[in-house]
Amino acid sequence: VRSQGIKRTKTVCTYCGVGCSFEVWTKGRHILKIEPTPEAPANGISTCVKGKFGWGHINSPDRLTRPLLRRDGVFVEVSWEEALEAVARGFGAVREKYGPDALGFIASSKCTNEEAYLMQKLARAVVGTNNVDNCSRYCQSPATQGLFRTVGYGGDSGSIADIAAADLVIIIGSNTAESHPVLATRVKRAQKLRGQKVIVADLRRHEMARRADLFLHPAPGTDFVWLAAVTKYIIDQGWEDKEFLAKRVKGWPEYVESLKDFTLTRAAAVTGISEVDLTRAAQMVHEAKRVCVLWAMGVTQHCGGSDTSTAISNLLLVTGNYGRPGTGAYPLRGHNNVQGTSDFGAMSAYYPGYERTEDPAVRRRYEVAWGVKLPEKPGLDNHEMVDAIHAGDLRAMYIIGEDMSLVDANANYVQQAFTKLDFMVVQDMFLSRTAEFADVVLPAAPSLEKEGTFTNTERRIQRLYRALEPLGESKPDWEIIQAVANRLGANWRYEHPGEIMAEAARLAPLFAGVRYDRLEGFRSLQWPVAEDGTDSPLLYTERFAFPDGQARLYPMQWVPPVTMPEEYDLHLNNGRLLEHFHEGNMTYQTEGLRHKVPGAFVEISRELAEERGIESGALVKLVSPFGEVVVRVLVTDRVRGRELYLPMNTATEAAVNYVTGSHTDRVTHTPAYKEIQVRMEVL
Ligand code: SF4
């Protein structure tokens, strides 16, 4: 192979939280083959269609290869020197006039852990603000919150491989077969080989729903209610794990009291799920020795996303389903590095390793290490930053790898905000919709062109190696962030991402033993990692992650989903497609994947099609109080009644966020993308 000029490089797929690793075979800039191997910890010899073929973006003619500077309203290509000078001038002027909190920083889950670490260091140590966040705010922060409340750590409680050991897998608000395909394959295999049982709760009858032993179809935004009712029924039958609760869990009386109104009768009335099915779900949980719950954005992207995630963890605690293989909580992360971007501190409220910025002892540790005085004022998250721009308080932004103007909810409001900024820098592979608002655009290199680590949904830190040189003058994000920091007065001298990880590991106890030599090749570590390199594939075997080692049952309080005026008579759901990734600007660069899903569509039910007299292919306008989008109809039996489904991956053609609103999860400000009503006009 080598004699033919073929290079084999280990990398990690960037497309979903499963975090498949494999070797990529390249010759020159051509990708010849993606080869998974048995050593790959999360996936073995599997990948899905995206990981195997979705690399057309690498050599795309749309790639940015030189920095762009806006002059007289148009972008012109400039040297790095000119671009960095403009960045320093722009940010410097805003900081001088309005102070450091007039700047906001957004990292992306396309960033490596090291890049997320540097982004928060730039914001805090160089500029002097805690206004830093990342796109996990858009998806999984509520799941993290639910786990923080109940068990202590915000990540998956076990490994992906453990899921095969479950007797019962409950999948809530997750189109697992399309969004986390290799993980879904493990469930399908365990169903076949071990008779593993599956309950799916979802608005759509997707592939896993069709394969489920029990499919629950709750009314939109009511998962909390059926979860509470099933848990109460289990307790009423005396089926709770009394020994586990007595030894390992606090808060029983208040929790049980909070459940008193969640009868099966009330739950059936609110959710539309029959009492028979609710009872059957409770019985299946009771009969299974090992139960795990997988959930995703169908749960989290609601005003009550944190509360429903908490309800899931409560159910697992009541039934003693933590700390053994095949049990536990699996909030499925979206991008591969949703987990790591937050882990390494690109969040307004946390330093790396989820230590709070308001804790003076933690702050002092970072001040000593970084040799600066750090900001005490709480920072703004993504959502608050947009409001702060409208209020005139936030005047400049640095956004990496996130097409925020299409992927944040209420896109019209976000785009209006960007027009009000004094100065904006976007760092991306492409001239995204967001980049069109920028003053300076910096060309970034994708995962195959850089080194670093990603952390997948099971807290597994894995190395990716450089398979190709960066295209043109593009650079890895960590190099660009360092260059920006140094222009703003820092003196950083990192020569390799391994040095950044070493610094993070010295400072954040969660990663104490993370070292690049321990991550060589296909080796990996699941946090927390002790100084001697011992990692934690399965959490909570002995203790929960609170100082006293006890888990907490969290009292339940339900707030119904938002309602809209009656004219908006259809519920609009959204999610992913197997073949595509997020706003689509990477995977739509691969011809084969583009042909699989050539254009945007909205799924509507047969009943609705009949009522409105339309067929597949009809053009419709979906209108909400926040905006409108034009899209073609696909009539399907995957959705029911007045519920619609618009995939989010065709954002450049028909972005669902032109109709979503600004309401958010009550605790974390994750947009309630799944709580939207529209009306449909046939064109
Ligand atoms: Fe694996 Fe997910 Fe990549 Fe598919 S998209 S190869 S399941 S990491």
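A residue is termed buried if 20 or more other C-beta atoms lie within 10 Å of its own, exposed if 12 or fewer do, and partly exposed in between, with C-beta atoms placed from the backbone. The structure is a predicted model, in which local features need pLDDT of at least 70, side-chain atom pairs count only at pLDDT 80 or more, and totals for chains, interfaces and linings use all residues. Residues are numbered from 1 along each chain as its sequence is written.

**Exercise 1.** Determine whether Tyr 354 is buried or exposed, and describe its backbone.

*Solution.* Step 1: Tyr 354 has 20 C-beta neighbours inside 10 Å, and therefore counts as buried. Step 2: Tyr 354 sits in the loop between strand S14 (350-351) and strand S15 (355-356); strands (E, at least two residues) and helices (H or I, at least four) are DSSP runs numbered from the N terminus. Step 3: its phi is positive, about 60°, although Tyr 354 is not a glycine. Most residues other than glycine have a negative phi.

**Exercise 2.** Examine the loop between S21 and S22 for Tyr 540 and Pro 528.

*Solution.* Step 1: Tyr 540, in this loop, has a positive phi near 65°. Step 2: Tyr 540 is buried, with 23 other C-beta atoms within 10 Å. Step 3: Pro 528 lies in the loop between strand S21 (524-526) and strand S22 (551-552), and the peptide bond from Trp 527 to Pro 528 is cis, with omega near 0°.

**Exercise 3.** State how helices H3 and H20 are oriented relative to each other, and which residues meet.

*Solution.* Step 1: the axes of H3 (residues 113-127) and H20 (residues 477-487) come within 9 Å and cross at roughly 15°. Axes are lines fitted to C-alpha atoms, for helices over the stretch in contact, and angles run from 0 to 180 degrees between N-to-C directions. Step 2: H3 and H20 are therefore roughly parallel (angles under 35 degrees). Step 3: among the residues of H3 in contact (C-beta atoms within 7 Å, placed from the backbone) are Leu 118, Met 119 and Leu 122, while those of H20 include Trp 478 and Ile 481.

**Exercise 4.** Locate the buried residues of H11 around its axis.

*Solution.* Step 1: Leu 264, Ala 267 and Thr 271 are buried in H11. Step 2: these residues cover an arc of only 60° around the axis, which puts them on the same side of H11; the arc is that of the directions from the helix axis to the C-beta atoms. Step 3: the buried residues of H11 pack against helix H8 (223-236) and H12.

Key: Parallel < 35°, antiparallel > 145°, perpendicular 65-115°, else oblique. Contact = placed C-beta atoms within 7 Å.
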